[in-house]
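I opened the model today to look up a few contacts and helix faces. My entries follow in the order in which I made them.

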Amino acid sequence: MIRKPGRVLGALIVLAIVLASLCAPLLSSQNPNASGDDMLSPASAAHWFGTDDLGRDVFTRVLYGGRVSLLIGVGAACIACGVGVPAGLLAGYAKGWLSVGMVQLIDLFIAMPGLVLALVITVVVGPTLWNLMLVLGLVQWPGIARLVRGQVLALRDTPFVEAAQALGGSVGWILFRHIWPNIARVVAAQFAVAISVAIFTSASLSFLGLGLPPPTPDWGSMVQGGFDGLAFNPWLCLGPGAAVSLTIFGFYAMGRSVE
Amino acid sequence: MIGFILRRMLLLLPNLVLLTFVMFAVMTSWFGSPATMMLGRDATAEAVADMDRRYGFDQPVLVQYARWIGHAATGDFGRSFASQQTVAALLAPAVPVTLELSLAAILLAFAAAVSVNSLTIARRVITPMVTAASILGVTVPNFMLGATLIYLFAIRLRLLPTTGWVPWQQGVGPHVLHLLLPVITLCAFYTSAFSMVYRAEYRATARLLFVCVAQAKGLSETRVSFRHILPNAVLPVITQAGLSLGQLVGGAVVTETVFSIPGVGRLLVAAIGSSDYPLILAITMMILTAVALANLLADLLYARVNPLVRI
């Protein structure tokens with residue numbers, strides 16, 4: 001752990017962001033959805049990032065915006081792993097048509113434009129919290145499945161797996177007692193990357209106007225809302241943008257340890 | 001080689017049919033009739049039923065899919081629901097814009113990643129900078145990078161135009177100036193991704209015996225790097241480029257929206273905004289097909305430079 005400073009840095013950033021969004025009521029005394037009288041006021045001591053077009057405090061909204069993003073990110077990563085890991089185990093361990101079919105399916109979906117698919121499917125099913133988690137999780141399963149498959153392939157012919165097979169172990173027992181413990185670390189790292197990708201995509205969706213409906217504080221739609229005011233108060237747009245970038249960076253660094 | 005191309009193409013067709021059919025079914029029937037989407041949730045049942053009949057949404061998915069493909073094959077993608085223009089007429093001016101933006105971004109990313117990581121001068125200074133930039137490149141979303149670049153270069157420094165698009169016909173200079181920030185925004189992610197892949201491969205290749213021989217013969221560092229290591233380390237970048245094409249389209253949608261570029265991506269976002277179902281369907285189908293074809297192209301290119309995979 002200590003030998004990988006990137007991971008530690010990522011974990012610290014993630015911890016700080018989780019704390020900041022959970023303790024938002026302690027860090028800011030203002031209501032994220034309460035509109036005030038001074039609209040579009042510049043950054044000041046009272047409003048660190050200024051106020052938006054409805055007079056809401058942008059800094060407070062950035063703090064609260066973390067809750068939705070983290071929830072969607074973790075939920076989507078759980079769904080992606082829930083589908084991707086069994087699919088990868090199957091594709092790697094099975095032989096014959098089942099394996100060929102799974103690999104074909106993974107290859108078919110892996111190069112597909114995740115953001116475009118998520119965009120169009122969200123339009124059809126409607127942008128609710130559950131739907132966003134499902135869509136952002138499902139567009140990520142092929143990547144996880146391919147990673148797991150590669151890991152299983154490397155382990156399938158090792159002596160300890162052959163020994164387990166020789167003992168007459170069932171497929172489930174071999175996969176979960178012998179193969180899974182050896183790939184759990186890799187999957188855990190990929191779980192963090194999946195969270196970062198889900199947050200990236202969900203922020204892009206809400207920037208394009210397909211996030212959770214207002215007034216939920218949401219980083220992507222805040223960037224969109226502040227974009228036209230870039231010239232007179234850059235914080236309106238770049239503040240929430242920096243928050244989402246930092247979150248994505250934190251999870252990414254946790255998963256992919258920096259060289 | 002010809003056998004390989006034919007095999008790959010034969011595989012492409014069923015894949016493409018499966019993909020587009022699933023997407024078609026998702027959009028037209030699995031989650032309810034598109035009529036509800038176009039007329040709004042408050043529409044009366046009669047209005048929805050009437051539209052279902054008029055547009056054929058009440059027929060089985062397979063029939064609708066076959067009819068849509070049949071029309072699309074002749075270049076007829078239907079009529080936009082919002083503007084009543086044909087979808088083909090709306091798409092025609094948008095496609096070249098998106099192609100130019102995406103191609104420029106991916107070529108620039110490829111050239112930048114390969115050349116910067118092959119440089120032998122000042123490697124001690126450049127390497128950590130490239131590492132830092134790579135991490136930023138894959139973690140900062142396009143909309144944030146675009147907004148930051150606009151703020152810095154267009155609003156603060158007043159060097160470049162903020163947003164918009166000027167066609168070639170109205171002057172090459174303004175065209176390139178308007179293209180500069182969007183291309184940088186779009187290519188940042190790919191430069192970083194390619195850079196990571198290329199660097200790992202470059203290091204592995206640099207340890208091989210033939211590099212040692214080249215150095216022992218007294219060739220200059222630059223010549224060894226660019227003429228001997230580069231051609232052998234560049235292959236995985238081509239694979240990576242093929243795999244990234246899908247993401248490139250997603251990035252183009254966001255980038256075009258940020259910079260108000262009249263490409264396919266912004267057309268899609270506008271179509272979504274106005275619930276223009278025929279347009280959304282046509283663009284989605286087109287993107288799926290284009291990505292599948294581009295993947296095939298990347299595979300063929302890879303086979304062309306690496307004879308081992310042709311078997």
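Predicted model: local features only at pLDDT ≥ 70, side-chain atom pairs only at ≥ 80, totals over all residues.

Entry 1. I asked which residues have the most contacts inside the largest nonpolar core. They are L119(A), F194(B) and I280(B), and the core has 145 residues.

Entry 2. I turned to the contact between the chains. Chain A puts 34 residues into the contact, and chain B puts in 36. On the chain B side, I list the helices that supply at least two residues each: α1 (2-30), α6 (123-139), α7 (142-156), α11 (235-258), α12 (264-273) and α13 (277-305). With 9 residues, α11(B) has the largest share of that side. I also sorted the chain B side by class: 25 residues are nonpolar, 11 are polar and none is charged.

Entry 3. I looked at helix α10 of chain B, residues 221-233, and asked which of its residues are buried. I find V224(B), S225(B), I229(B) and A233(B). Viewed down the axis of α10(B), these buried residues fall within an arc of 90°, so they line one face of the helix. On the other side of α10(B), I noted T222(B), R227(B) and P231(B) as exposed.

Entry 4. What do the buried residues of α10(B) pack against? I find three helices of chain B as partners there: α5 (87-118), α8 (172-206) and α9 (209-216).

Entry 5. I went back to chain A for an overall description. I count 11 helices and 0 strands in chain A, so the order of its elements from the N terminus is α-α-α-α-α-α-α-α-α-α-α. The C-alpha trace of chain A spans about 75 × 45 × 25 Å along its principal axes. Chain A has 259 residues, of which 49% count as buried. I also looked up how far apart in sequence the contacting residues of chain A lie. Taking contacts in chain A between residues at least 6 apart in sequence, I find that 70% join residues at least 24 apart.

Notes
Residues numbered from 1 in each chain as written. Chains lettered and ligands numbered in written order. Helix = DSSP H or I, 4+ residues; strand = E, 2+ residues; numbered from the N terminus. Buried ≥ 20, exposed ≤ 12 C-beta atoms within 10 Å, placed from the backbone. Contact = placed C-beta atoms within 7 Å. Nonpolar A, V, L, I, M, F, W, Y, C, P; charged D, E, K, R; others polar. Arc of directions from axis to C-beta. Core = buried A, V, L, I, M, F, W, Y, C linked by C-beta atoms within 7 Å.
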